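Hi everyone, thanks for coming. Please have a look at the chain on the screen, and I'll walk you through it bit by bit.

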Amino acid sequence: MPTTAKKTHPTACLTLADGTVFYGHGFGATGDTVAELCFNTAMTGYQEIMTDPSYAGQVVTFTFPHIGNTGVTPEDDETNDPVAAGMVVKWDPTEPSNWRATENLTDWLAKRGRIGIGGIDTRRLTRAIRQQGAPHVALAHDPDGNFDIEALVAKARAFSGLEGLDLAKDVTCAQSYHWDEMRWAWPDGYAKRATPGRKVVAIDYGAKRNILRCLASAGCDVTVLPASATAEDVLAHNPEGVFLSNGPGDPAATGVYAVPMIRDVLDQTDLPVFGICLGHQMLALALGAKTIKMNHGHHGANHPVKDLETGKVEITSMNHGFTVDSQTLPAGVKETHVSLFDGSNCGIAMESRPVFSVQYHPEASPGPQDSYYLFERFVAAMDARA
């Protein structure tokens with residue numbers, strides 16, 4: 001009986017600005033997109049990574065080959081829809097095998113306009129990123145395999161990059177809201193906070209939901225404000241503490257409006273302040289330090305960080321392409337944490353006040369509980385002030 005030959009031609013391609021082309025198998029949405037290319041070494045959490053607002057403007061290469069095997073579930077979204085521009089994997093996603101899955105990865109990406117490419121030599125690609133820095137790329141998916149490589153290279157070269165780009169304004173909330181959902185726990189899932197807590201204003205530069213859950217679980221009554229909030233907006237809520245969230249883009253660009261707000265809060269009050277990721281960089285800029293673009297950044301769930309005060313080593317989750325230059329920290333601000341991979345700054349604190357921040361993501365819990373103490377420290381600082 002007749003048989004239908006399986007199509008073997010490439011249906012997707014990844015084109016770098018230097019002209020290098022990787023061909024593979026497309027999945028998810030069709031079309032093309034341009035972005036910065038990074039790699040992530042995490043073995044789990046691909047859905048959380050794709051929906052992390054900090055990945056705005058980036059296509060993510062996953063170094064772990066089994067991507068898509070646990071499907072997706074709305075419970076694991078860090079925001080409503082994927083924010084990363086696309087994904088690159090070694091093996092094509094298979095049918096999911098997980099009791100929590102409500103949908104497969106391919107359909108989920110297609111419905112949300114995100115492109116995936118499989119069949120890529122991710123080791124080779126990762127080496128190129130490490131050696132050359134995060135490249136600008138064009139990612140295209142066409143089921144018929146028709147690609148204008150010259151045009152795709154031109155699009156990749158025309159991409160402005162993340163330096164000087166304020167992306168927080170694109171991913172922040174449109175208006176303020178209250179948050180009371182706590183961390184997931186068996187068997188009830190996400191419970192609501194029912195008891196009074198310390199009043200915290202969280203500034204949303206691209207906040208992950210699990211950060212807000214950790215704040216609620218630690219004892220905070222959380223009100224979330226947009227990234228453009230002024231000190232007057234913050235203080236109008238009579239907070240007992242201020243939280244600065246994670247987010248994407250160049251911290252110096254976001255700092256144009258975020259830094260004056262933070263400085264005003266620090267000048268006008270003695271409130272405890274806690275920052276994570278971009279929030280860490282915003283706090284550093286407000287205190288007088290500088291930030292710099294990294295060669296290929298830190299993206300993964302296996303990054304060792306040393307607490308310089310205790311000597312403890314935490315296994316952390318990271319996602320950042322910029323870093324605080326520890327050599328520019330002013331008097332009265334100390335470095336509290338460093339990366340054991342490259343010695344880059346991973347935490348700061350004011351010496352005389354409960355104002356501190358970290359570069360990594362304590363809410364992601366790869367340790368799994370190595371860094372949760374930071375949320376407890378924040379609440380303890382508010383308790384001590386009461």
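Let me begin with how the pieces get their names: helices (H or I, at least four residues) and strands (E, at least two) are DSSP runs, numbered from the N terminus. What you see is a predicted model, in which local features need pLDDT of at least 70, side-chain atom pairs count only at pLDDT 80 or more, and totals for chains, interfaces and linings use all residues. Residues are numbered from 1 along each chain as its sequence is written, and side-chain values use heavy atoms, with hydrogens and water left out.

How confident is the predictor? pLDDT is its confidence in each residue, from 0 to 100. The protein chain averages 96, and 98% of the residues score at least 70. Residues 1-6 have a pLDDT below 50, and beyond near neighbours in sequence this stretch has zero contacts in the model, where a contact means heavy atoms within 4.5 Å.

Now the overall picture. The protein chain has ten helices and 19 strands. Its radius of gyration is 21 Å, close to the 21 Å that the globule rule gives for 386 residues, so the chain is as compact as a globular protein of that length. For that number, the radius is taken over C-alpha atoms, and the rule is 2.2 Å times the number of residues to the power 0.38. Among contacts between residues at least 6 apart in sequence, 75% join residues at least 24 apart.

Which share of the chain is buried? The figure is 55% of the 386 residues. Buried means under 20% relative accessible area, exposed over 50%, and partly exposed in between (1.4 Å probe, protein chains only).

Let's zoom in on strand β3, where you will find Cys 38. At 1% relative accessibility, Cys 38 counts as buried. Not counting residues up to four places away in sequence, Cys 38 touches several partners, including Tyr 55, Ile 129 and His 299.

Leaving aside neighbours within four places in sequence, Ala 42 is in contact with Ile 49, Phe 64, Gly 300 and Ala 301. Between Ala 42 and Thr 63 there are 7.6 Å in space, C-alpha to C-alpha, and they are 21 residues apart in sequence.

Next, a helix. Is α6 mostly covered or mostly open? This helix, residues 209-218, is mostly covered, with eight of its ten residues buried. Among them are Ile 211, Arg 213 and Cys 214. After α6 comes Gly 219, with a positive phi near 120°.

The peptide bond from Trp 186 to Pro 187 is cis, with omega near 0°, and Pro 187 lies in the loop between β9 (181-185) and β10 (189-192). Gly 367 and Pro 368 are also joined by a cis peptide bond, with omega about 10°. Pro 368 sits in the loop between β19 (355-358) and α10 (373-385).

Ser 365 is found in the loop between β19 and α10, and has a positive phi of about 55° although it is not a glycine. Asn 238 is not a glycine either, and its phi is positive, about 50°. Asn 238 lies in the loop between α7 (231-235) and β13 (241-244). Is Asn 238 buried or exposed? With a relative accessible area of 56%, Asn 238 is exposed.

Conventions
pLDDT is the predictor's confidence in each residue, from 0 to 100.
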